[in-house]
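Take a look at the chain below.

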Amino acid sequence: MGLPGMFYQGNHVGFQQRCYKRMKRKWFWRNLLHLRVFLDSVIKILDTLYLDRNHARFFILETIARVPYFAFISVLHLYESFGWWRRADYVKVHFAESWNEMHHLLIMEELGGNAWWFDQFLAQHIAVFYYFMTVLMYALSPRMAYHFSECVEHHAYETYDKFIKDQGEELKKLPAPKIAESYYTGGDLYLFDEFQSSREPNTRRPKIDNLYDVFMNIRDDEAEHCKTMKACQTHGSLRSPHGKLCDESEDDPGCPVPQTDCVGIVDCIKKSVADPQVSRR
Ligand SMILES: [Fe+2]
Ligand SMILES: [Fe+2]
């Protein structure tokens, strides 16, 4: 059966290899490869340390998972302050992604994943380091940062997918956390639709009857993050799912007008030096 999260036409196994192959092509990608090797090492250490404590492992992964979206927004906010950049869709979608990851984190907390002080200490310190690393990477090359995040989200998808396959029957007997019910089935699902940039709004409405449904939906969320991160790698292509509803060609006043942008901090500075009016628009 085609799972809802089958985002690479069933070719999950090849994705990891494609990630590495692509990175070996140029020095630029080789730098990314070093970061990937570092990331994979961290993941392997965490997976080994937390082999028998799944909720604590997921708590740590989710604490780290929302960091890139905050880092993207931080850098874009800085560019906006200097008048170098203004594209509302990116900020909206990244905030919605961060909001989704925050709810994954709240679910893991309700499941007791943060019960140990040491787990919180470890997660928070990795998150701080990861934040500054992502800010630097995103300022130098948004494409590299988005590609890196796509690989991280793919890892998250695989982690949950394996967990569901291993423990699905047990999970079906357990109740869903309250926060999961309210997030996935609550009244206002605007932000839930907003982070899924490859879908039309209102096309995914989860049912949450037990813990199995919760993990299935978290896994599918990770697949949607992957698609959004992939879309972001083509400059200027990201559109808010709600923004797609308006027709720019007809001067719809509800549509955001495409405005100034740049690709990384070097390009931003170059453009502002070449055309000082950019920062006053
Ligand atoms: Fe997540
Ligand atoms: Fe994620």
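## The chain as a whole

This is a predicted model. The chain holds 11 helices and 0 strands. Read from the N terminus, its elements run α-α-α-α-α-α-α-α-α-α-α.

Of the 281 residues in the chain, 33% are buried. Take the contacts between residues at least 6 apart in sequence: 80% of them join residues at least 24 apart.

## Helix α3

Helix α3 covers residues 54-65. It has 12 residues. From its first C-alpha to its last it reaches 16 Å, close to the 16 Å expected at 1.5 Å a residue.

Is α3 enclosed or open? It is largely enclosed by the rest of the structure, because 10 of its 12 residues are buried. The buried residues are A56, R57, F58, F59, I60, L61, E62, T63, I64 and A65.

## α3 against α5

Helix α5 spans residues 88-110. It packs with α3 at an angle of about 155°, and the two axes are 9 Å apart. An angle over 145° counts as roughly antiparallel, so α3 is roughly antiparallel to α5. The crossing of this pair is left-handed.

Which residues make the contact? From α3 come H55, F58, F59, E62, T63 and A65. From α5 come E101, H104, L105, M108 and E109. By class, the residues of this contact divide into 5 nonpolar, 3 polar and 3 charged.

An α-helix has 3.6 residues a turn, so residues three or four places apart point the same way.

## α5 against α8

α5 also packs with helix α8, which covers residues 178-185. Their axes lie 8 Å apart, at an angle of about 155°. That makes α5 roughly antiparallel to α8.

Here H103, L106, I107 and E110 in α5 meet K178, I179, A180 and Y183 in α8. The residues of the contact divide into 5 nonpolar, 1 polar and 2 charged.

## α6 against α7

Helix α6 covers residues 117-140, and helix α7 covers residues 142-172. Their axes come within 5 Å and cross at roughly 135°. That makes α6 oblique to α7.

What does α6 bring to the contact? T134, M137 and Y138 in α6 meet P142, M144, A145 and F148 in α7. By class there are 6 nonpolar residues, 1 polar and no charged ones.

## A closer look at E109

E109 sits in helix α5. It is one of the α5 residues that make the contact with α3. E109 has 18, so it is partly exposed.

Which residues does E109 touch, leaving aside its neighbours within four places in sequence? It is in contact with F59 and N114. F59 is one of the buried residues of α3. E109 can also be compared with P177. These two are 68 residues apart in sequence, and their C-alpha atoms are 9.7 Å apart in space.

Methods. Residues numbered from 1 in each chain as written. Chains lettered and ligands numbered in written order. Predicted model: local features only at pLDDT ≥ 70, side-chain atom pairs only at ≥ 80, totals over all residues. Helix = DSSP H or I, 4+ residues; strand = E, 2+ residues; numbered from the N terminus. Buried ≥ 20, exposed ≤ 12 C-beta atoms within 10 Å, placed from the backbone. Contact = placed C-beta atoms within 7 Å. Expected span 1.5 Å × (residues − 1). Axes fitted to C-alpha atoms, helices over the stretch in contact; angles between N-to-C directions. Parallel < 35°, antiparallel > 145°, perpendicular 65-115°, else oblique. Nonpolar A, V, L, I, M, F, W, Y, C, P; charged D, E, K, R; others polar. Left-handed = near helix turned anticlockwise from the far one by under 90°.
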